Amino acid sequence: MFSVNKVREDFPILKREVHGKPLVYFDNAATSQTPKVVIDTIVDYYSNYNANIHRGVHTLSQEATDKYEEARIKIQKHFNAKEAYEIILTSGTTHAINMVASGFESLLQKGDELIVSALEHHSNIVPWQMLCEKTGAILQVIPMTQEGALDMKTFYELLSDKTKLVFCNHVSNALGTINPIEEIIAAAHNVNAAVLIDGAQATPHIKPDVQALDVDFYVASAHKLCGPTGVGLLYGKQEWLEKLPPYQGGGEMIATVSFKKTTYAGLPHKFEAGTPNICGGIAFGAAIDYMNSIGFKEIAAYENELLTYATTKLEKIEGLKIYGTSASKTAVISFNVAAIHPYDIGAILDKLGIAVRTGHHCAQPIMDYYQIPGTVRASFSFYNTKEEIDVFVAALEKAVGMLS
Ligand SMILES: *Cc1c(COP(=O)(O)O)cnc(C)c1O
C-alpha cells in the first residue's frame, strides 16, 4: 500500500525549512529530490570502493567495476532492453541526444528530412539544428494545438520517404502532455525513419518498455527519477549503435591503438570514452531500485490524484489560465494569472517556502505559440501531499493579491 507519509521519511531534504517555512518542493520537473538509499549509495562508494573501473586488477577496481556493470543491468531490466550493451551511460539526456545527432552526421545527405515536435525541450531541438547546418538536411516541425498536444494530422502529411529521423519527447516538460509515441514510432517506421524519444520527463512517472515500443533510441536523465545529476542513459537498438560512429575518442573506447590504425571497442564501450561518472552510474541503479520498490503504478495513480486536486483548486482562482490541458498529462501545471509576470509570483512563493519554476522551461517555441514570456510551473512528485497543495494555493492567492 502506498503511503505518502512513509515515503516522505525517505527524503531527508523534505524536513528542511526555507525562509522559516516548511519546504514545499514543486519543481520536480526540473530535478527530483534524492532518497536516503541513493545518498547512502554515494557515501558508500566514496567511503569504501572508490576506484577507476574496467582495467584494474586490484580489488577496489574490481568491486567498482562489478557495481557499475550491475547498475547497467538494472537499467537494462528497467527499460526492458534486449542487451545490457544497448545501454550507454551518458552524463544525461542532453549528452545522449548530442551523441545520436553527431552520429547521424555521416549518415545524412543534403535534402534528407528530420521531423521534430513543437513541444520539445531545447536539448531536443538545438543538436538537430546544428546537424542540419552541417549536412544540409531539413528540419520539419509537427505543430502543436491549443491544448498543448501534437497535431498528428500534419505529422502524417510531413512523413515521406525523405524522412530519416523523427524525435519527440515522451512527456513535455513545459506542459506535462503525454505524447502518443507508440503511434509516432509506428508511423515513422512505415517510411523507414528512425525514432529518438526523449524520456527525461516521462521516466519519473512511467516505466517504458523499449522493446514493446520498438523505439530506436530512448534517452533519459537519472536526476529526474530520484538519482544524482550528471548521469543518464542512451538506449539504442544494437543495429543502430553499431551503425553510428563513436562520439568521442579517448581511453576506454578503443580495442587497439597505434599511430597507423586504431580499432574501436565493442558496445557499450565504443560510446563511453574516458572515465565515466562511476558513482553516479551506481547511484542511478539504486534510484531505479528505489522507484520500483514504490511501484510505478502506485506513483502514477497518486500523482494523478494530486494533479486533479491541484487543477480543481487552481481553476477557482480568478484570471488564472492553465497551459497544457490535454486529457493525457503528467502532474505538471503550467499557468499564468492575469497579466502578472510569472517571475514575480515565483519570487513571492519562494519567500513562503514554496519552490516552483518560472520562465520558458527551455521550451521557447511553446511560449511563442501561446505568445507569453513564460509560465509558473508547479510539478508534483509522489512525495508531495494535498496539504502542500493547500499551502501553495493559499500562498498563490496571497501573491496575486499583492501583485494585482
Ligand atoms: C530535463 C529535460 C531535458 C534535459 O535533461 P538534462 O538532464 O538537462 O540533460 C530534456 N528533455 C526534457 C523533456 C526534459 O525534461
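First, the ground rules. The model is predicted, so local features need pLDDT of at least 70, side-chain atom pairs count only at pLDDT 80 or more, and totals for chains, interfaces and linings use all residues. Residues are numbered from 1 along each chain as its sequence is written, and side-chain values use heavy atoms, with hydrogens and water left out.

Now the ligand. Which residues are around the ligand? They are Thr93, Thr94, His121, Ser123, Asn173, Asp198, Ala200, Gln201, Ser221, His223 and Lys224. Being near means having a heavy atom within 4 Å. The shell divides into one nonpolar, eight polar and two charged residues. Here Ala, Val, Leu, Ile, Met, Phe, Trp, Tyr, Cys and Pro count as nonpolar, Asp, Glu, Lys and Arg as charged, and the others, Gly among them, as polar.

Next, distances. A polar side-chain atom of Asp198 lies 2.5 Å from a ligand nitrogen. For Ser221, a polar side-chain atom is 2.7 Å from a ligand oxygen. The protein buries 85% of the 380 Å² that the ligand exposes when taken alone. Those areas come from the Shrake-Rupley method with a 1.4 Å probe.

On to the helices, which are DSSP runs (H or I, at least four residues) numbered from the N terminus. H4 covers residues 93-103 and H5 covers residues 126-135; their axes come within 9 Å and cross at roughly 15°. Axes are lines fitted to C-alpha atoms over the stretch in contact, with angles from 0 to 180 degrees between N-to-C directions. So H4 is roughly parallel to H5, a label for angles under 35 degrees.

Last, Thr154 sits in helix H6, residues 152-158. Its C-alpha atom is separated by 13 Å from that of Ala188, 34 residues apart along the chain.

Definitions and conventions. A polar contact is a pair of N or O atoms within 3.5 Å; within protein, one must be able to donate a hydrogen and the other to accept it, and residues adjacent in sequence count only if both atoms are side-chain atoms. Helices (H or I, at least four residues) and strands (E, at least two) are DSSP runs, numbered from the N terminus. Angles under 35 degrees count as roughly parallel, over 145 as roughly antiparallel, 65 to 115 as roughly perpendicular and the rest as oblique.
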